[in-house]
Amino acid sequence: MYTVPKLTDYSAAALDKAVAELLGALEAEIKALTADSDLRSFRDRWLARKNGVLAQVNELWLKPAPQDAKKLVGARVNQLKEVVQPQVERLSLYDLVDSRKPGLDRLREEDWKQRRQSVLELRWAAERLDITLPGVRRPLGAQHPVIRTMNEIVAVFRNLGYSVSEGPEIESDYYNFESLNFPPHHPARDMQDTLFIGGQESKALRERLLLRTHTSPVQIRTMEKMKPPLRIVIPGKVHRNDAPDATHSPIFHQVEGLAVDTNITFCDLKGTLEHAMKALFGSDVKTRFYPSFFPFTEPSADVQISCIFCGGKGQRDGGPCRNCKASGWIELLGCGMVDPAIFGFVREKQPAYDPEKISGFAFGMGLDRIAMMKYGVSDIGQFYSGDMRFLEQFT
Ligand code: FA5
């Protein structure tokens, strides 16, 4: 009777030989089965958790295999299990059923033949392939409209030579606020309602963890790692403690941009954003900048584009345009020249950011509202509802 040998050679050829021997032994044992065979012990011999042939294969082949052969041996052992287990189980199936009824646990020769025939039929039925049946159609997936918008915007900046930078969604107070020039307890912090991780009262403020409220911390993280010149876009998910309504979601997405070099001016910022807006919304689109405030840029501006629904007229279909509230303009992003104070924070780790020698601009936009505009979505919550009827429209 077959016993599982120990292996000394773990090469593919030696494994193939050992596997072939084992399968040969199984075939011989199956052929030798008769009506009087004890199918339960046949099953146990091959499949018992303790000391069955397959269990021994695990113990004698897989466990002692040297590290570099583990993957190969593991694959062979799995293949072996997939072949041996169903064969043995099918043959012992009827005996296991019958052996629960006293007097029926031994089958007569005729019975055995018949039953083996029905096992074969069962197997045939299970494995039969009706090629005339219609196929199973897998539903087609598609990019989520917010991600699609994100990729489009990132592509515009990649074409301008920007590279992509990413950072953690769980961020420290230092990177999300302090290093971006939000002083502690300053009202500027109230500009963004923050979700803090609980139970951190004993930590210093700058070390407390929170869900990042914007992608701007990645500006600092990237500058700390890379010397100027720098041109990066930062796509990502952000969170704020905002009550959900048609245009606010506690989770949303931003794309941020940062360019740092010698002699970067506000003209570069204007030219870059004007180009990007035309690339995204069509060459007819106009941009306008008006003063704003962000703690990390100085001067700062909000950027509006001419309304893409009414062409900037403020009127549509004989009435006021609802998308721009009849103003002809839609606010799209915040931007400005990097405040020299930001370089001051970064210099601690990366001295090349000397505000006397370099300058930069930064901008940031909310993606979800841009996607809403592009795809005519009236409620931001639909992006996060997981409702297939909504999402299927974008396949
Ligand atoms: C900022 O987050 C700045 N970090 C942007 C920036 C970067 C300015 C670099 C200058 C330089 P603000 O808080 O305005 O800015 O948010 C940017 C955009 O996020 C908004 O214009 C809006 O489109 C979007 N936004 C804000 N809150 C929500 C919300 N709850 N749901 C959906 N979108 C939101």
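## Exercises on a predicted model: sheet, ligand site and backbone

An open sheet of 7 strands runs in the order E1-E4-E5-E11-E10-E7-E6, and its pairing is mixed. Strand E1 (163–164) and E6 are the edge strands; each has a single partner strand, so one side of each lacks a neighbour in the sheet. The model is predicted. Work through the exercises with the structure in view.

### Exercise 1. Two antiparallel pairs

Describe how E6 pairs with E7, then how E5 pairs with E11.

**Solution.** 
- Step 1. Locate the strands. E6 covers residues 287–294, and E7 covers residues 297–306.
- Step 2. Find the link. A hairpin of 2 residues joins E6 to E7.
- Step 3. Read the direction. E6 and E7 pair in the antiparallel sense, over 7 bridges.
- Step 4. Check one position. Phe289 stands opposite Val303 in E7.
- Step 5. Move to E5 and E11. These strands run antiparallel, joined by 8 bridges.
- Step 6. Check one position here too. Val260 has Gly360 in E11 as its bridge partner.

### Exercise 2. Polar partners of the ligand

Which residues are closest to the ligand, and what lies 2.9 Å, 2.7 Å and 3.0 Å from its nitrogen atoms?

**Solution.** 
- Step 1. List the neighbours. The ligand is surrounded by 23 residues; the closest are His214, Ser216, Arg240, Asp242 and Ser249.
- Step 2. Take Ser216. One of its polar side-chain atoms is 2.9 Å from a ligand nitrogen.
- Step 3. Take Asp242. An N or O atom of its side chain lies 2.7 Å from a nitrogen atom of the ligand.
- Step 4. Take Ser249. Here a backbone N or O atom is 3.0 Å from a ligand nitrogen.
- Step 5. Apply the cut-off. A polar contact requires N or O atoms within 3.5 Å. The Ser216 distance is 2.9 Å, that of Asp242 is 2.7 Å, and that of Ser249 is 3.0 Å.
- Step 6. Alone, the ligand exposes 680 Å², and the protein buries 89% of that.

### Exercise 3. The shell and the sheet

Where does the ligand sit, and which elements give two or more residues to the shell around it?

**Solution.** 
- Step 1. The space it takes is the largest pocket.
- Step 2. Name the elements. Strand E5 (251–261), strand E10 (329–338) and strand E11 (359–366) each give two or more residues to the shell.
- Step 3. E11 gives the most, with 4 residues.
- Step 4. Return to the sheet. In the strand order, E5, E11 and E10 follow one another.
- Step 5. Sort the shell by residue class. It divides into 7 nonpolar, 12 polar and 4 charged residues.

### Exercise 4. Backbone features

Where are Pro229, Pro299 and Asn181 found, and what marks the backbone at each?

**Solution.** 
- Step 1. Start with Pro229. The peptide bond from Pro228 to Pro229 is cis, with omega near 0°. Pro229 lies in the loop between helix H8 (217–225) and strand E4 (230–239).
- Step 2. Go to Pro299. The bond from Glu298 to Pro299 is cis, with omega near -5°. Pro299 is in strand E7.
- Step 3. Finish with Asn181. Its phi is positive, about 75°, although Asn181 is not a glycine. Asn181 belongs to the loop between helix H7 (173–176) and strand E3 (209–211).

Conventions: Residues numbered from 1 in each chain as written. Predicted model: local features only at pLDDT ≥ 70, side-chain atom pairs only at ≥ 80, totals over all residues. Heavy atoms only, no water. Near = heavy atom within 4 Å. Polar contact = N/O pair within 3.5 Å; in protein donor to acceptor, adjacent residues only side chain to side chain. Areas by Shrake-Rupley, 256 points an atom, 1.4 Å probe, with all protein chains shown as cover. 1 Å grid on protein atoms, 1.4 Å probe; cavity = no way out; pocket = protein on both sides within 12 Å on 5 of 7 lines; lining within 4 Å. Sits in = over half its atoms within 2 Å of the grid points. Nonpolar A, V, L, I, M, F, W, Y, C, P; charged D, E, K, R; others polar. Pairing = 2+ DSSP bridges.
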